[in-house]
Amino acid sequence: MDKGVLATALGSPAPFGQSQFAFMRGNAFEAKVKADGGAELLRLLYERLGGGAEAPAGDAATPDLSAAGPEGRAARTALALREATAAGGWALLDHPMLALEVAGSPAYLEPDAVVVHPDGRWTVVEIKSFPMIDASADPSKVGAAARQAAVYVLALERVAAVTEGAEVGHRVLLVCPKDFSNLPTASVVDVRKQRAVTRRQLTRLTRVEDIAAGLPEGTTFDPACPPEELDAAVAAVPPAYAPECLAACELAFHCRARSRAEGAVETLGRSVRGELGGLTTVAGVLAAAAGKEGDPADPTVAALRRAAALRAEALEGAAEALRAETAGSAAVRPAGAGAPEGAAACR
């Protein structure tokens with residue numbers, strides 16, 4: 001099920017997305033990097049990650065990865081990777097299809113490129129349209145690219161495990177425009193940390209079958225259903241909303257509305273949720289801060305009450321300062337001072 005279609009059917013479409021101009025610019029830059037059989041891409045990769053192998057001399061293999069459906073393309077990609085590794089030369093796989101099990105179901109992934117080295121090493125290549133200025137890029141964007149590439153590395157490791165002589169590199173090549181031009185430059189990003197984090201997260205995910213088993217019988221997420229029926233079906237799955245979802249999930253606005261209606265503290269962010277311990281609603285937090293609820297021995301409750309007292313003290317101090325300033329202004333006003341001359345005539 002496409003979450004964007006589901007969000008639209010629920011009346012909470014996600015009003016975001018990449019602009020057509022940015023999309024076209026990104027496609028044009030990627031085409032430039034991969035032109036002439038990926039000569040520029042391979043040159044950049046050899047400069048950063050070539051190792052002891054000979055430089056690719058324009059004879060790198062570019063296997064055809066076309067097949068029917070994502071499952072067929074994933075199988076064709078795995079075969080191409082095995083053949084390229086056995087050949088012992090350079091190979092460039094343009095938009096390969098990889099499969100990764102997520103919560104018991106296959107997820108199909110499409111990296112920008114994967115390069116096979118003569119020594120059997122496989123390197124993920126990510127091509128982004130944000131610039132590298134003075135050899136550095138926006139850390140948040142690089143971090144997002146690293147997390148994305150780490151998922152591709154995990155998927156490749158499944159294929160490498162059954163391919164003789166293959167090894168997936170933990171360093172990926174990030175290709176971006178240089179400074180303010182459209183010329184490509186590259187940087188190497190180590191994704192071992194992101195790979196480890198992603199692997200742990202995948203092992204903790206609840207399987208789709210287990211989620212489905214807990215739903216009422218006959219539950220369907222068909223967008224053609226009446227809105228009230230569809231809303232009830234979505235409500236049967238507990239939301240796990242956080243503000244970060246707004247940048248990645250089409251259902252984020254629907255889940256945010258539900259979280260706000262329930263007064264869930266998750267709407268304030270995961271870090272805030274972690275600090276509040278057993279307090280799970282905004283109303284409960286405010287009541288604890290006001291001394292109406294909560295155990296005074298609880299460190300979280302004590303901290304909230306201390307913060308509320310400091311806030312009240314600051315507000316009272318500000319009010320006293322304002323009253324003093326107002327009184328001082330009245331004291332220095334000349335006797336008989338009233339409305340400006342001519343004000344009566346303007347009435």
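**Salt bridges and their surroundings**

Guide: Glu 157 and Arg 195 form a salt bridge, with the closest N and O atoms 2.8 Å apart. Glu 157 sits in helix α4 (residues 139–160) and Arg 195 in helix α5 (residues 192–204), so this pair ties together parts that are 38 residues apart in sequence. The two ends differ in cover. Glu 157 is partly exposed, at 22% relative accessibility. Arg 195 is buried, with a relative accessible area of 18%, because the cut-off for buried is under 20%.

A word on confidence. This is a predicted model. The chain has a mean pLDDT of 88, and 93% of its residues reach 70 or more. Residues 339–347 have pLDDT below 50, and beyond near neighbours in sequence this stretch has zero contacts in the model.

Back to charges. The count comes to 15 salt bridges. One of them joins Arg 43 to Glu 40, with the closest N and O atoms 2.5 Å apart. Both residues are in helix α2. They are three residues apart there, so about one helical turn separates them. Arg 43 is partly exposed at 36% relative accessibility. Glu 40 is also partly exposed, at 25%. The pair is part of a network of salt bridges that links Glu 40, Arg 43, Glu 47 and Arg 48.

Another salt bridge runs between Arg 273 and Glu 266. Here the closest N and O atoms are 3.2 Å apart. Arg 273 is partly exposed, with a relative accessible area of 22%. Glu 266 is partly exposed too, at 27%.

Now the aromatic rings. The count comes to one aromatic pair. Tyr 46 and Trp 90 have ring centres 6.2 Å apart and planes at 75°, so the pair is edge-to-face. Tyr 46 lies in helix α2 (residues 20–49), while Trp 90 lies in the loop between α3 (69–87) and β1 (91–94). The pair therefore ties together parts that are 44 residues apart in sequence. Tyr 46 is partly exposed, with a relative accessible area of 28%. Trp 90 is buried, at 9% relative accessibility.

Last, a nonpolar site. Leu 268, Val 282 and Leu 286 make a surface patch of about 270 Å². Leu 286 belongs to helix α10 (residues 282–289). Leu 286 is exposed, with a relative accessible area of 57%.

Methods:
Residues are numbered from 1 along each chain as its sequence is written. This is a predicted model: local features need pLDDT of at least 70, side-chain atom pairs count only at pLDDT 80 or more; totals for chains, interfaces and linings use all residues. Side-chain values use heavy atoms; hydrogens and water are left out. Rings of Phe, Tyr and Trp (its six-membered ring) pair if their centres lie within 6.5 Å; planes under 30 degrees apart count as stacked, over 60 as edge-to-face and the rest as tilted. Helices (H or I, at least four residues) and strands (E, at least two) are DSSP runs, numbered from the N terminus. Buried means under 20% relative accessible area, exposed over 50%, partly exposed in between (1.4 Å probe, protein chains only). pLDDT is the predictor's confidence in each residue, from 0 to 100. Contact means heavy atoms within 4.5 Å. Patches are made of residues with over 30% relative accessible area and no salt bridge: like charges are joined within 9 Å, nonpolar side chains (Val, Leu, Ile, Met, Phe, Trp, Tyr) within 5 Å. Accessible areas come from the Shrake-Rupley method with a 1.4 Å probe; for residues, only the protein chains shown count as cover. A salt bridge is a side-chain nitrogen of Lys or Arg within 4 Å of a carboxyl oxygen of Asp or Glu.
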